[in-house]
Amino acid sequence: MEASEENKVKVYGKEFIGWVKPEVADDSMWEDAKDHSTDSTPLKGSRGSIEEFEEAANGGVQSLALGALDNSFLVNDIGVHVYRNLNRGINGKGICVKYDGGGNASNLTLKKTLLMRAETNIMLMSPANKGKPNATGLKQVDIETGKIVTEWKFEKDGTDITMRDITNDTKGSQLDPSESTFLGLNDKILCQWDMREKKGMVQDIATSGSPVLHWTQGHQFSRGTNFQCFASTGDGSIVVGSLDGKIRLYSKASMRQAKTAFPGLGSPITQVDVTYDGKWVLGTTDTYLILICTLFTDKDGKTKTGFTGRMGNRIPAPRLLKLTPLDSHLAGNDNKFHGGHFSWVTENGKQERHVVATVGKFSVVWDFQQVKNTSHGCYRNQQGLKSCYCYKIVLKDESIVESRFMHDKYAGSDLPEAPLIVATPLKVSSISLSGSGR
C-alpha cells in the first residue's frame, strides 16, 4: 500500500490516526494521568544504587511464580522449589515439591505456571508437542501435600482443544482460597475454565482418567484473531495481544466482542500486561515495548477506559520503550524483549511504579511516572511516536528467564518499591532499586 494520507486513514481509521501522525493525537490524557505523588523515586543510572542477594537455583529454572502471601516458587526440571517472601526479596526454604513423587520430569517444558487458591496450588501447563506452543491440559500441584492432585484436560462439547495461555480471572484472584476458575486463550478462543466438576469432587488421578475442565463462558472466533497472550485487570476485564500487533480490550461482561481494538504497529505482541485499574496497557514485542493509555472522554464528558466503552475520536498516541542503539548492540542481535510487566499492586488507588522487561542478560527497568510525563526530556524534539530511553539495566552473567517485581506489600518502609526478582537458569537474585539509607 502506498503511504498516502488516504491509505493511512484506511488502515488505522480516523480514531487512531494519531498513531501514525502523533502531532494530531490528543495528549491531554497523558497530561492528566501524571502521578504527582512524592513516593516515586526516579531511577538513577548508577550501578551502586542496587543491592542484592542471590542464591543457586538448583539448575534448569523454567519459570518464576511470585506469591503475594508467604511464599514464591521457582519451577525447574525436578519440581517446584519453595521460597519465603521477605521485604528484601525471596529466600529458599530448601523445600522442593517433586513431580510424580520424585521422578525426573526433564522432558516437561513449561509454557505457563499459575498460582491459585490462596497460593496453595500451582497450575503447570506444558506444550503437548515439543516446539509447539499449545497444551492439551495442565497439572494441578498441591504445594502443601507436595503432590500432583489432578491432571486436567481442555475439552469443549466432547472435543479436545488446546490452549496457548492461561491467566487468573483478576489481578488478585490467586489470593482467594475458594478460587476455582481461570481464563484460557488460544489463537481464536477466549474462555473461562471451571475446576468444579458437575459430579462433585474430582477423583484421585491414580484411579481415573484425566478429568475435564468445565467451559463456563467464552467465544470461539471464526477467523483472523491470531491471539498470542492476555492479562486481566483488578475487576476482571481482559486485554489480548495478537500476532498482527493488535491489542484488544474486553469488558468482564463479554468475551464475544472487544470494546476497543488498538491497531498494530507492525510487530507481533508476545506478552501483555495491564495496570490494576485498567488505565494503562503494556505490550511486549521483540524490539520494543508499547505503552497505551486506555482513558478517553465519552459524549457525556465522563472519563472512561477502553474496557468499559468504545473509545471515540482522537485516541492518545502510545509511547514506545526502547533500548539505546548501544545497549541494543550489547544485548545481542539474537536477543529479543520478553516478559514486559508492570510492578504488582492488588488494591484500588495504588499505582504501579515501574515497568520491567527482559532481553538477553539484561533486566531493563523504566520509571513508570517518568514515562508518563509528557514533558520528560526523552520526548523533546522527537518526530513520530515518542520513545523513552531512560531506564536502568540489571546485568546478569547468563540469559535471564524472568524478571518480576514482588507484590507491593513487600516494599520496605525505607524503599519506594518492592524488590525485583531476577531468575536465570542457575540463580535467583533479589534486587533493591534504591540503596538509600542502607
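Let me start with one side chain: Arg353 has 15% relative accessibility and counts as buried. Buried here means under 20% relative accessible area, exposed means over 50%, and partly exposed is in between, with a 1.4 Å probe and protein chains only. This is a predicted model, in which local features need pLDDT of at least 70 and side-chain atom pairs count only at pLDDT 80 or more, while totals for chains, interfaces and linings use all residues. Residues are numbered from 1 along each chain as its sequence is written, and side-chain values use heavy atoms, with hydrogens and water left out.

First topic, charges. What partner does the side chain of Arg353 meet in a salt bridge? The partner is Asp408, at 3.4 Å from N to O. The term requires a side-chain nitrogen of Lys or Arg within 4 Å of a carboxyl oxygen of Asp or Glu. Asp408 sits in the loop between β31 and β32 (420-423), and Arg353 in the loop between β26 (337-342) and β27 (354-359), so the bridge ties together parts that are 55 residues apart in sequence. Strands are DSSP runs of E with at least two residues, helices are runs of H or I with at least four, and both are numbered from the N terminus. Asp408, at 11% relative accessibility, is buried.

The structure holds 14 salt bridges. Another one of them joins Lys396 to Glu54, with the closest N and O atoms 3.4 Å apart. Lys396 is in the loop between β30 (392-395) and β31 (402-405), whereas Glu54 is in strand β1 (residues 51-56), and the two are 342 residues apart. Lys396 counts as buried because its relative accessibility is 10%; Glu54, at 40%, counts as partly exposed. Then there is Glu155 with Lys153, at 3.8 Å between the closest N and O atoms. Lys153 is partly exposed, at 29% relative accessibility.

Second topic, nonpolar packing. A nonpolar core is a set of buried Ala, Val, Leu, Ile, Met, Phe, Trp, Tyr and Cys residues joined through side-chain atoms within 4.5 Å. The largest one has 25 residues, and the members touching the most others are Leu289, Leu291, Leu321, Phe337, Val355, Val364 and Trp366. Two or more residues come from each of α2 (28-33), β21 (280-284), β22 (289-293), β26, β27, β28 (362-367) and α4 (368-372). Apart from this core lies another, of 24 residues, including Cys229 and Ile315. Back to Val364: not counting residues up to four places away in sequence, its contacts (heavy atoms within 4.5 Å) include Leu323, Phe337, Tyr391 and Ile393.

Last, backbone geometry. Which residues have positive phi without being glycine? Ala118 does, at about 55 degrees, and Glu119 does, near 60 degrees. Ala118 is in the loop between β6 (112-116) and β7 (121-125), and Glu119 is in the loop between β6 and β7 as well. Glu119 counts as buried, at 6% relative accessibility.
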